[in-house]
Amino acid sequence: MRYTPSRRAALALAVSLAATAALAACGSGGGDASGELTKDPVTLRFTWWGSDARHQRTQQVIDLFQKAHPNITVKGEFKDWNGYWDSLATTVAANDAPDIIQMDELYLASYAERGALLDLGTASKYLPTADFDPNALGTGQIGGKQYALPVGLSTYAVVVNTDLLAQYNIPVPDDATWTWDDLKTIGGQISKASGGKVTGVQSWGFDAGGVNIWARQAGASLYDDKGDVAIPPQVLAAYWQYLADLAKDGVAPAPSVSIERAGAGLDQSGTATNTSVFATWWNTQLTSLAKASGKNLKLLRLPGEAQTAGAYYKPSMFWSVSSRSKHPAESALFVDFLANSQQAADILLTDRGVPANTKIRAAITPKLTATDKAAAEFLDSVKVSKPPRVTPNGASGIEAILKRYTEEVLFGRMTPQQAAEKFIAELQAEIKAA
Amino acid sequence: MTALSELQRLRASRGGSARKRDNKAAFLFLLPWFAGLLLITAGPIVMSFGLGFTDYNLIEAPQFNGLDNFERMLTDERLHHALGVTFTYVLVSVPLQLACALGLALLLDRGLRGMSFYRSAFYLPSLLGSSVAIAVLWRQIFGAEGMVNQVLDLIGVQGRGWISDPDTALSTLVVLNVWTFGAPMVIFLAGLRQIPVMYYEAASVDGAPRWMQFRKITLPLLSPIIFFNLVLQIIHAFQSFTQAFVVSGGSGGPSDSTLFYTLYLYQRGFNNFDMGYASALAWLLLVIIGAFTAVNFWAAKHWVFYDD
């Protein structure tokens with residue numbers, strides 16, 4: 001075979017330029033939602049992730065909206081969390097993005113900074129946001145533009161199974177004062193009392209919430225304001241050391257069990273199956289957990305909060321509109337119905353978090369079930385400070401990276417210090433590349 | 001209906017124009033496949049070649065970046081790790097799978113009663129093997145509370161979470177691939193049928209033991225079939241995706257122990273908004289598979305025996 005690099009390079013260049021030209025057409029964005037509403041029939045596509053219960057409730061809200069606006073049809077497209085993001089990325093790439101998008105904090109900057117989302121500020125005519133707490137609204141802004149409207153708020157918490165605690169004659173710890181060492185000690189007592197059948201603590205280290213709080217309690221933060229990784233390696237190493245110790249001392253299940261559960265979803269977690277007494281969750285997951293476990297569960301503030309508070313309100317999710325929507329005004333109108341209407345709120349309740357719309361929040365409180373009410377009261381009782389910076393563009397994969405290094409540490413393939421250094425380098429590289 | 005009558009008409013008519021019309025009908029029937037090939041396969045392939053030289057985040061227009069993606073491969077630790085995992089998987093699972101396939105083909109070739117039943121029964125896993133359903137089943141079987149551990153429990157052995165332990169996760173995928181030995185087995189069976197019985201008769205008369213007959217008659221005469229299966233299964237194994245994706249929940253975990261090349265490619269493209277690099281990776285995989293196949297063909301000169 002004769003090697004002719006120049007000709008090959010030329011071909012490669014030609015082909016890639018052709019592809020670039022062909023794709024350049026998809027790049028434009030930046031719609032405007034200040035136009036008039038149309039009277040013609042319009043079809044909007046609306047996509048979200050979630051459980052079956054959420055799908056049913058959301059469909060009811062869609063039906064109500066369609067009744068009020070007979071010329072608008074809303075087509076729901078729903079998926080589970082993992083498939084959702086793969087499919088959103090491909091539909092956006094294919095210039096076929098749904099009009100209304102349920103968005104998460106992890107991906108917000110990745111989509112907004114690349115021009116895929118509509119500035120909802122242009123839609124204020126149809127989508128007023130006066131009833132939202134300004135701090136909550138801020139979580140959906142990037143560069144001063146409102147790319148996303150927060151739906152609900154949640155906060156990181158410890159869920160404790162009080163029935164199991166009573167069974168082992170251990171009092172519920174005082175969450176106003178407890179420390180991480182207390183959690184380890186009490187957890188160890190439970191594992192011992194149950195003979196290992198029930199572990200004191202369910203291991204975590206698979207979601208960004210845990211690491212965010214840990215960093216904040218140490219007076220640091222995961223990212224700095226510029227969007228670079230800012231957590232000091234030794235802080236992160238201490239986090240993994242703690243998790244590794246829990247597994248080693250039998251306070252948490254063996255690593256392979258923890259990892260299997262983390263991948264299996266809420267219904268097969270230690271909390272839901274009554275095989276772990278303490279576990280970290282978002283407060284709004286209490287209802288689903290209580291339903292699955294059938295026991296009395298209680299929300300506690302995280303250990304260490306009395307020393308340095310790290311708690312914050314995380315928007316559970318957002319509403320966004322695609323910048324390439326052909327019907328931005330009608331899409332904004334639908335988001336308005338989701339976010340501001342009492343009718344919709346009566347159906348959705350706290351399924352997507354305790355509503356960030358304060359008026360709606362007050363209105364639905366009397367209608368909540370016991371566990372939903374407990375979650376809402378817990379949210380109000382937690383002392384929070386300014387929320388962390390939105391996950392920077394490029395870092396949307398943080399949970400996959402975090403999970404991988406947690407596995408390396410739990411299986412003893414890396415020391416916590418090594419994992420911390422590699423994690424920081426890898427995450428920073430992803431942000432830089434974006 | 002029209003296609004049927006067309007066929008009947010073709011069959012009835014003989015003479016010079018029949019062949020031409022035959023061709024026309026063939027093209028007509030090929031058209032859907034051909035259109036699919038162009039639009040669904042060839043188009044994206046050409047496109048991905050171009051994208052391999054760009055920085056493309058799926059949302060904004062791709063930016064030409066020359067050979068950056070290929071340079072990046074040299075220092076990409078996860079890529080090197082994925083290559084290691086994939087090579088291990090291919091080099092372990094393919095020989096095992098072919099050995100199982102050959103062994104069972106030899107057994108079935110001896111004229112068992114209910115042979116067609118066994119043949120179907122053993123072939124079935126090949127049809128199911130790369131399906132999502134089987135991968136989900138695999139998760140259950142090898143889970144911490146799965147069937148394997150229940151059986152081990154009965155004989156007093158302490159099991160573990162096979163798919164959630166980085167030391168064993170890849171092995172469960174190897175077992176899954178070996179289990180789909182049905183397709184090469186059927187091809188082996190066909191090959192065994194082609195070997196004239198008289199060779200074995202002559203060898204028996206000369207007093208050659210069974211093992212000798214296998215080595216001196218079966219293996220050489222079957223070598224073209226073995227070669228065929230080897231090439232096919234290696235290519236197939238390099239392209240494995242579904243099993244690892246489902247069993248690891250898309251992560252390639254635990255600890256990247258099941259990070260197949262294709263899975264890493266997928267993650268870069270769809271999870272990390274890194275489609276330019278993913279496209280370049282796809283072309284590297286093509287080169288790797290091509291190289292393996294070329295080496296296979298080269299080596300074949302030395303061990304494949306054509307009896308003609």
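Which hand does the crossing of H4(B) and H9(B) have? The crossing is right-handed: the near helix is turned clockwise from the far one by less than a right angle.

This is a predicted model, where local features need pLDDT of at least 70, side-chain atom pairs count only at pLDDT 80 or more, and totals for chains, interfaces and linings use all residues. Residues are numbered from 1 along each chain as its sequence is written, while chains are lettered from A and ligands numbered from 1 in the order in which they are written.

Start in chain B. The axes of helix H4 (residues 77-108) and helix H9 (residues 182-194) come within 8 Å and cross at roughly 45°. Residues in contact have C-beta atoms, placed from the backbone, within 7 Å. H4(B) contributes B:Leu98 and B:Ala101, among others. H9(B) brings residues including B:Phe188 and B:Leu192.

Now turn to chain A. In helix H11 (residues 286-293), A:Leu286, A:Thr287, A:Leu289, A:Ala290 and A:Ser293 are buried (20 or more other C-beta atoms within 10 Å of their own). They cover an arc of only 165° around the axis, so they sit on the same side of H11(A). These buried residues pack against strands S7 (156-161), S9 (276-282) and S10 (297-300) and helix H15 (370-381) of chain A. Just after H11(A), A:Gly294 has a positive phi of about 75°.

A:Ala215 is buried, because 21 other C-beta atoms lie within 10 Å. Among the residues A:Ala215 touches are A:Leu222 and A:Ile231.

Note on methods. Axes fitted to C-alpha atoms, helices over the stretch in contact; angles between N-to-C directions. Helix = DSSP H or I, 4+ residues; strand = E, 2+ residues; numbered from the N terminus. Contact = placed C-beta atoms within 7 Å. Buried ≥ 20, exposed ≤ 12 C-beta atoms within 10 Å, placed from the backbone. Arc of directions from axis to C-beta. Lists of a residue's contacts leave out its neighbours within four places in sequence.
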